[in-house]
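Subject: Structure for you to look through

Dear colleague,

Please find below the structure I promised to pass on, followed by my notes on what was found in it.

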Amino acid sequence: MSSELTDLYQELLLDHARHPHNFRAMDTASRIVEGYNPLCGDDLKLYLRLEGDRIADISFQGRGCAISTASASMLTDRIKGRTVGEAEQLFESVHDLLTGARPLADPGDLGALEALAGVSKYPMRVKCATLSWHALKSALRPAIVGVNADLELSVRVPASCV
Amino acid sequence: MSHPRPIDRDAMRAIEEQILASSPQTDWDVQAVRRDFPALHQRVNGAPLAYLDNAATSQKPQVVIDAVSRYYRRDNANVRRGVHVLAERATAAYEGAREKVRHFLNARSVREIVFLRGTTEAINLVANGLGSRWMSGDEIVLTRMEHHANIVPWQLLRERCGVRLRVLPITPAGELEPERIAGLFSERTRLLALTHVSNVLGTVNPVAEMVQVAHRHGIPVLVDGAQAVPHMVVDVQALDCDFYCFSGHKMFAPTGIGVLYGKEALLEALPPYQGGGEMIRRVSFEKTDFADPPYRFEAGTPHIAGAVGLGVAIDYLEGLDRKAAADHERRLLHVATAQLREVPGLRILGEAPNKVGVVSFVMEDVHAHDLGTVLDHKGVAVRTGHHCAMPLMAFYGVPATTRASLAFYNTPQEIDRLVEGLHYAREILT
């Protein structure tokens, strides 16, 4: 594999794409976000169970490319058990990593998520990786949801959880 | 990483040679034609460009690029207004291009040729014009394989005046069944609007036959010809369609210029689309007399340079042996189809016997966008996504496909590189 392509399709990312973690529906979810990327047709459903300020459980389903699936899979691994504040901070770091917006203060903080770094060199693919992260952000702040960064997001709070 | 079957290059060559040997020899000198297209001669990601995205837009021959540049360097002026020399030259060039389009489509009169931005605008114009007289409950018949450009304008009309959309299904091979069309017609049917060639499947539809059936029911027909004109000679009188639309940029002309052909009596009956300069006879604040077609539909300063470029693209096409070009494309399509069938896990969508050089496919366990990125790394440009035909994607139960679309300047070696790229993508992604 040529070196640049290896940067994008790192083995870790491909493992997540082939065998995504937390790839399931969740009956006990307190937030369900449906995300859709109209540019490529990728769709994703993100399930969260919030217990107070903590994301007690998180899972996803959907169909998308390797990058979108891997990004969502890594997201669930990393976010499970975190507080809302920590998750929002992580959103900002990952967003900066993917868009190459600014150098990260401490990229080491991202751990396995650094496998997504190669995406920043592919402007046409960045939205594949950000779909699940925008869905997460919407889940945490359902009030400000709508069309975000060209992605369609809609949050549902199951009646039993209101 | 899995260990798929290695690429058997000898077997690939054997398939290719067998097909090339069994199909008619052509006099097509592809290398000579390629020299006319400067954009083909570049390296992308370290590999020579293999441009297989012609259904999205074609590359432009040097003569078209030069014509646009020459127009701006020498003749630039507004059309049909000034009395000075440049205005005369610009008008002559613009109206000359209209005559070339008339000849290209074999229309009866230049009054039947309207210059617009492209196919999309042409369909919107007809939808607005015809729709202004339609009533709630009137019906339009479309097909399952339409591009969004031939779906959404009719849906907007549905919002406005309550027309109903009826959809002709397709077969799994991606063909229309003309004998089923009459079953969709009713006394409320106002129009049949269908594509000449599918932008996803490459299927060439039996338009002349369907026009005959529609006309027997007194129904006019609009044909979306965007994917047909680059590949075949189109004769609107032989088709007997009432409207025919196409875009310049898919047939080697600039972007932003396209054509609506309409039978003269039908265009005369259509109200204006946009108001402004150039589309009027006389204006006062009380009343405006509109110009006759085609000018009634060309409000504002048109894309003069684009029309000039389109005229030269037509000259270029007509200067080629179009039968040899079509034979060459057909041979490439056969090679591509046979080789793609050998790629493990690959499924081709659309296997109509009568196709132009468009092949859409999906690969098991690999998303189209990942294929597109890997192919791009090898210098192979293809389109990935829903191709603005989401109802067709839904029919095949896929969110997206990868599409290779050919032009007469493509080569068997470029097909080889596509296929090798797909094997490679499979190797690293599955």
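How many of the 13 residues of α5(B) are buried? Twelve of them are, so the helix is largely enclosed by the rest of the structure; a residue is called buried if 20 or more other C-beta atoms, placed from the backbone, lie within 10 Å of its own.

Before going further, please note that this is a predicted model, in which local features need pLDDT of at least 70 and side-chain atom pairs count only at pLDDT 80 or more, while totals for chains, interfaces and linings use all residues. Residues are numbered from 1 along each chain as its sequence is written, and chains are lettered from A and ligands numbered from 1 in the order in which they are written.

Helix α5 of chain B covers residues 119–131 and reaches 18 Å from its first C-alpha to its last, close to the 18 Å expected at 1.5 Å a residue (the expected span being 1.5 Å times one less than the number of residues). Helices (H or I, at least four residues) and strands (E, at least two) are DSSP runs, numbered from the N terminus. Among the buried residues are Ile123(B), Leu125(B) and Val126(B), and the buried residues of α5(B) pack against β4, α6, β7, β8, β9 and β10 of chain B, where contact requires C-beta atoms, placed from the backbone, within 7 Å.

Elsewhere in chain B, an open sheet of four strands has the order β13-β14-β17-β16, with antiparallel pairing (two strands pair if DSSP finds at least two bridges between them). The edges are held by β13 and β16 of chain B, each with a single partner strand, so one side of each is left without a neighbour in the sheet. β16(B) pairs with β17(B) over three bridges, and Thr384(B) has Thr402(B) as its bridge partner.

Helix α11(B) lies across β13, β14 and β17 of chain B, running at about 10 degrees to β14(B); axes are lines fitted to C-alpha atoms, for helices over the stretch in contact, and angles run from 0 to 180 degrees between N-to-C directions. α11(B) also packs with α1(B) at an angle of about 145 degrees, with their axes 9 Å apart. To this contact α1(B) brings residues including Met12(B) and Ile15(B), and α11(B) brings residues including Val335(B) and Ala338(B).

Finally, the contact between the chains takes 15 residues from chain A and twelve residues from chain B.

With best wishes

Terms used:
Two residues are in contact if their C-beta atoms, placed from the backbone, lie within 7 Å.
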